[in-house]
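Please look through the sequence and the model together before reading on, and keep both in view. The paragraphs below are meant to be followed with the structure open.

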Amino acid sequence: MADRRRSRYGRYAGGPDPLAPPVDLAEALDAIGEDVMAGYSPERAMREFLRRGGRDQRGLDELGRQVAAKRRELLQKHSLDGTLEEVRELLEQAVLKERGQLARDVQMDDGDRALRELQLDNLPNSTAAAVSELSSYDWASHEAREDFEKIKDLLGREMLDQRFQGMKDALENATDEDRQRINEMLTDLNELLDKHRRGEDTEQDFADFMDKHGDFFPENPQNIDELMDSLAQRAAAAQRMRNSMTQEQRDELDALAAQAFGSPELMQSLSQLDDNLRALRPGEDWGGSEEFGGQEGLGLGDGTGVLQDLADLDDLSEQLSQSYGGARLEDVDLDKLTRQLGEQAGVDAKTLAELERALNETGYLKRGSDGQLKLSPKAMRQLGKALLKDVANRMSGRQGQRDLRHAGAAGELSGASREWAFGDTEPWNVTRTVTNAVVRTVAEGGDPAQGVRLDVRDIEVNETEARTQAAVALLVDTSFSMAMANRWVPMKRTALALHQLISSRFRGDHLQLIGFGRSARVMDIEELTGLDAMWDKGTNLHHALLLANRHFRKHPNAQPVLLIVTDGEPTSHLEPDGEVWFSYPPHPLTVAWSIRELDNAARLGAQTTFFRLGDDPGLARFIQQMAERVEGRVVSPELDDLGAAVVGSYLGGRGGADSGGQMSDWYGGRGFWFGG
């Protein structure tokens with residue numbers, strides 16, 4: 001017998017979507033890293049990314065803009081005289097039909113007709129006063145009487161719709177029995193709220209009330225607090241709508257309210273309900289108001305709904321601004337946002353919240369002992385990898401070729417292979433060699449099933465990376481001019497890319513990062529990446545070279561590589577007593593001390609490269625002379641190419657210079673050094 005099972009499918013509504021793709025942390029981390037290197041704190045950088053959003057992701061600012069636009073649209077589209085206009089139209093229809101009946105009724109006494117017409121002609125201009133005066137009028141027209149009775153019915157339904165959403169439609173064509181049920185519900189509700197105010201209610205009281213009147217509350221509150229929250233929010237919106245009306249409109253509605261359902265009982269019950277809710281929920285906005293300037297009139301119920309929408313939009317605006325203490329994206333009410341801006345807005349906000357949570361939980365951001373967020377070592381590695389990949393793309397796009405014959409025989413495997421050439425001692429790549437033999441055999445018409453003979457043309461060898469050890473000193477200018485000329489971030493990107501290359505591919509090398517402004521100091525990569533722009537004037541190349549030479553002496557068996565990034569001539573140096581001497585224009589003594597330490601680096605065997613930033617002719621001549629003095633070279637890259645230039649010089653300088661004293665190429669014969 002067939003196994004029959006019924007399956008029902010519906011929209012997923014429980015927790016995170018298990019089929020949703022993971023959030024793109026790479027894009028977020030790149031953006032946060034850029035801002036951190038520009039001087040932002042990691043916390044501020046994360047907030048800025050969440051505000052901006054990503055390539056395919058709306059951020060908080062865009063969602064906030066849409067919230068503000070909808071709020072503005074509601075105010076500019078609507079007015080609050082919809083109920084008054086509807087009452088006025090019904091009144092005019094009733095009077096017009098009554099006049100028609102008086103003109104057609106030939107059997108009516110002329111004196112009676114004249115008295116009725118006089119009464120209609122002298123109705124007051126106020127709609128409320130006219131309705132009040134006609135409440136005792138003996139209508140000759142049955143249709144006119146029905147239209148007039150609709151006014152009382154409309155007012156009753158509108159008054160209830162203000163407090164209980166949907167009542168206006170639900171009570172259309174209501175009977176006396178329906179109205180009696182409404183009055184009974186209001187009486188029981190006020191009694192329940194009174195007991196709650198006195199602290200005398202029980203859970204059973206609420207349960208009994210819902211069993212009896214639950215059909216009036218489609219939101220299905222689970223306890224009295226939820227019931228009061230729902231009622232108080234709408235009642236407060238109704239009060240804000242009243243506050244937003246002109247005094248004339250309020251007076252008209254107050255006078256008309258007595259006509260609701262033809263009985264003052266309704267207004268008395270609603271007034272008592274408002275008093276109870278005000279006492280129980282004083283924190284609601286009972287005193288606010290809005291300024292409507294549109295042409296589309298709103299009834300009392302619809303107007304209250306719009307005021308609730310405006311309150312929702314105000315809440316969302318505050319939540320999306322994240323401007324209060326301890327703000328988190330989990331604070332954003334996704335249901336409210338979806339209701340106001342649509343499903344995609346809810347998805348965007350949820351994605352941002354997941355992104356924020358992932359950044360905090362995956363270890364990319366960590367909170368230090370001072371309570372501030374910082375980029376973790378994991379984040380630094382990820383940023384460095386992205387920057388290094390960008391550097392590799394720039395270099396490969398320019399190089400067009402690379403000298404693979406210089407790969408070291410005793411080095412580590414690079415993962416690539418190449419055709420064997422005479423003199424190669426690298427190990428064979430057996431898989432590639434056999435594959436080449438099979439392909440060649442088939443191409444020559446042979447049958448590999450009968451056996452394959454290797455030929456020298458089939459052989460491929462594994463590439464290796466030379467294990468020459470290097471001591472690298474990267475000197476980066478942190479003076480005032482670097483920040484002024486927008487060279488701060490490219491300098492940091494360069495240092496991070498070089499650090500990533502050495503720490504991941506050439507772990508035997510020793511890198512030291514030295515920042516030099518008015519004085520110099522050794523920095524770790526985290527410190528340099530988070531370094532704020534320095535506004536002290538001074539370029540102390542002398543101090544930086546002292547630190548670099550000390551680094552070289554600590555590693556006497558390594559090849560010294562000196563890389564200097566600067567945009568100015570030296571303007572300060574260290575005195576013998578350790579004090580900093582500053583002079584602008586550069587003092588001859590400062591220049592002499594700097595050249596002395598540069599000569600010391602050359603005597604230690606350092607391969608020196610200057611990276612000159614800027615187009616100052618005097619600086620160009622000075623740096624060129626210094627480079628020639630130590631048989632170094634000068635590179636003047638564009639800011640976008642600074643990282644590629646420094647990394648390329650490191651790779652070349654690490655392997656030594658060719659016979660002409662110039663670096664062989666940016667790869668320096670080191671093979672494929674970045675996998676990505």
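Predicted model: local features only at pLDDT ≥ 70, side-chain atom pairs only at ≥ 80, totals over all residues.

Residues are numbered from 1 along each chain as its sequence is written, and side-chain values use heavy atoms, with hydrogens and water left out.

The secondary structure of the protein chain comes to 25 helices and 16 strands, where helices (H or I, at least four residues) and strands (E, at least two) are DSSP runs numbered from the N terminus. Of its 676 residues, 46% count as buried; buried means under 20% relative accessible area, exposed means over 50%, and partly exposed lies in between, with a 1.4 Å probe and protein chains only. The accessible surface of the chain comes to about 34,400 Å², and 46% of that surface belongs to carbon and sulfur atoms, the areas coming from the Shrake-Rupley method with a 1.4 Å probe and, for residues, only the protein chains shown counting as cover. Among contacts (heavy atoms within 4.5 Å) between residues at least 6 apart in sequence, 72% join residues at least 24 apart.

Among the helices, consider α9 (residues 176-198), whose 23 residues should span 33 Å at 1.5 Å a residue, in agreement with the 33 Å between its end C-alpha atoms; the expected span is 1.5 Å times one less than the number of residues. The buried residues of α9 include Ile182, Met185, Leu186, Leu189, Leu192 and Leu193, and also the polar residues Asn183, Asp188 and Asn190. Their cover includes α7 (142-163), α8 (167-170), α10 (203-213), α11 (224-244) and α13. After α9 comes Gly199, which has a positive phi near 75°.

Helix α13 (265-280) gives a similar check on length, since its 16 residues should span 22 Å and its end C-alpha atoms are 23 Å apart, which agrees. Buried in α13 are Leu266, Ser269, Leu270, Leu273, Asp274, Asn276, Leu277 and Leu280. These residues cover an arc of only 165° around the axis, and therefore lie on the same side of α13; the arc is that of the directions from the helix axis to the C-beta atoms. Leaving out residues up to four places away in sequence, Arg281 touches Asp225, Met228, Asp229, Ala232 and Trp286. The C-alpha atoms of Arg281 and Ala232 are 6.6 Å apart, although 49 residues separate the two along the chain. Within strand β4 itself lies Gly297, which is partly exposed with a relative accessible area of 39%. Gly297 is 217 residues from Leu80 in sequence, yet 5.6 Å from it in space, C-alpha to C-alpha, and its contacts outside the four places on either side are Ser79, Asp81 and Gly82.

Turning to the strands, β12 (residues 559-566) has seven of its eight residues buried, so it is largely enclosed by the rest of the structure. Strand β9 (residues 470-477) runs parallel to β12 and is joined to it by seven bridges, with Val472 opposite Val561; two strands pair if DSSP finds at least two bridges between them. Strand β15 (residues 607-612) also pairs with β12 in the parallel sense, over six bridges, and here Val565 stands opposite Phe611. An antiparallel pairing is found between β10 (residues 510-516) and β11 (residues 520-523), over four bridges, one of which has Leu513 and Met523 as partners. Three residues lie between β10 and β11, which form a hairpin.

Several loop residues remain to be examined. Ser479, in the loop between β9 and α19 (480-484), is buried at 2% relative accessibility. The side chains of Ser479 and Asp477 are joined by a polar contact of 2.7 Å, a polar contact being a pair of N or O atoms within 3.5 Å, where within protein one must be able to donate a hydrogen and the other to accept it, and residues adjacent in sequence count only if both atoms are side-chain atoms. In the loop between α19 and α20 (488-505) is Asn486, which is exposed with a relative accessible area of 60% and has a positive phi near 60° without being a glycine. Asn220, also not a glycine, has a positive phi of about 55°; it belongs to the loop between α10 and α11 and is partly exposed, at 46% relative accessible area. Finally, the peptide bond from Tyr584 to Pro585 is cis, with omega near 0°, and Pro585 is placed in the loop between β14 (580-582) and α23 (588-603).
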